[in-house]
Amino acid sequence: MPDGSPETPLLRHHLEGWRHRLTTGLRLKTTLLSELSGSVGDLGTYIPIVLALTLVSNLDLSTTLIFTALYNIATGVVFGTPMPVQPMKSIAAVAVSETPHLTVSQIAAAGISTAAVLLFLGATGLMSFLYRFLPLPVVRGVQLSQAMYLNFPKFIKIIRFFIYCKLIDGFEFEKGLAFAFSAIKYIRYNQDFSKTTATKTTDPRTWLGLDGLVLALTCLLFLILTTGDGGGNENNTSIVPTNRRRVHKRLKILSAIPSALIVFLLGLILCFIRDPSIFNDIKFGPSRFHVLNITWDDFKVGFLRGAVPQIPLSVLNSVIAVCKLSGDLFPGTELSATKVSISVGVMNLVGCWFGAMPVCHGAGGLAGQYRFGGRSGLSVVFLGLGKLVLGLLFGNSFVRILSGFPVGILGVLLLFAGIELAMASRDMNSKEESFVMLVCAAVSLTGSSAALGFGCGIVLYLLLKLREMDYSCFGLSKSTEEDEFLINP
């Protein structure tokens, strides 16, 4: 038998599998412009956190851009959906808000610790077990709480990205999502991403100017007119009534406009117009890669201060909620909780050693990319290629460009992402399910902890089921004859 011939069919099988994955995952499911527009749908959360970590904690922006670019490309190929790569928000909140600030090595240690836990849960099958048996209303409650501020109030409240909007008189869903109010605050007030002082208020944003209210409102109206409710225009023209075909054609043209991409590119152009001195500060080329020297003390501090609050959030929002949301947005293609959990683990066990920002997948990012047109893995591949070019070309000097980005535009993108995520909770069909979901969301908000809301939601769900349980199988209830005698003696 020729040397190596038994392995040839196996190798051919693997090559065919990867070829099939590439062709299906990166196949256009909508227009190319829509995929490009969807690729920037999660930058409303990505840019502020990366910028804050860079300015406050001296994060290496070039390394983070390059590694997150590679993550984007890999996840686009592996998952075949616009799977986002976002910062671990609880670690970021601790890093820039608590005193003393976490060092880069401690941030990396927190990311590695969180990644190790998620990799263990995924590899042992425990994550799949949690995913199968967790009640849907509890998951929806976690999603809704994230949508209300996309986990930002804890982060933004501390570093004063915008005024923290408290819930008053309970949960008033019919008056609008608290997330919407927070995003409007984000648009209305000036922000300083390098500030960590506990100031009560920020200066109101002026109406005119290159980062004024008029600009933000114009972008908001433009996105509403072009994207509508985010459902796209996928109806078959042949079944549209004749008197509506002209309207249908107009909506099809509007939905084909890469609105989010246009708004984002406008923001980049305005960076240079607002501060032309950026041109003088740009230095070309990436920073040099190096392995961090992470000590045992770094791991101890990083785990206790960063990983402990991050782990429950990553399990709930970065894995379970993402898989549930993917099933809602892409019926028939629900992601594997095991695969998503392992993905988060592998990304950080590689990149964090080089100083890259700890990252995870997030339901808010997926909702944002879907909202603006992302329907396949090609969307995040485009985003990854863009990040890779910026990281290699501008390196750490790109922080000068990001620091001048109009914050009002970021607030607009963030608003749409949060609303799309909140809309996933509309499948609660009974009052009981809605009750569990809203209690879980309310506790998550007021307690600033998704884990606390999750725990309360589980307890409430079990109590409601316990209330309806038939105890006859345990011999704790009287027989039918005895019940009849008690009713009619």
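Analyst: Helices (H or I, at least four residues) and strands (E, at least two) are DSSP runs, numbered from the N terminus. By that assignment, Thr 81 belongs to the loop running between helix H4 (61-79) and strand S1 (86-87). The model is a predicted one, in which local features need pLDDT of at least 70 and side-chain atom pairs count only at pLDDT 80 or more, while totals for chains, interfaces and linings use all residues. Residues are numbered from 1 along each chain as its sequence is written, and side-chain values use heavy atoms, leaving out hydrogens and water.

Thr 81 has a relative accessible area of 3% and is therefore buried (under 20%, with exposed over 50% and partly exposed in between, for a 1.4 Å probe and protein chains only). Leaving aside residues up to four places away in sequence, its contacts (heavy atoms within 4.5 Å) are Gly 76, Phe 330, Leu 335, Ser 376, Gly 377 and Val 380.

Another loop, between H13 and helix H14 (278-281), holds Asp 275. Asp 275 forms a salt bridge with Arg 400, the closest N and O atoms being 3.0 Å apart (a side-chain nitrogen of Lys or Arg within 4 Å of a carboxyl oxygen of Asp or Glu). Arg 400 lies in helix H19 (residues 398-403), 125 residues from Asp 275 in the chain. Because its relative accessibility is 27%, Asp 275 counts as partly exposed, and Arg 400, at 23%, is likewise partly exposed.
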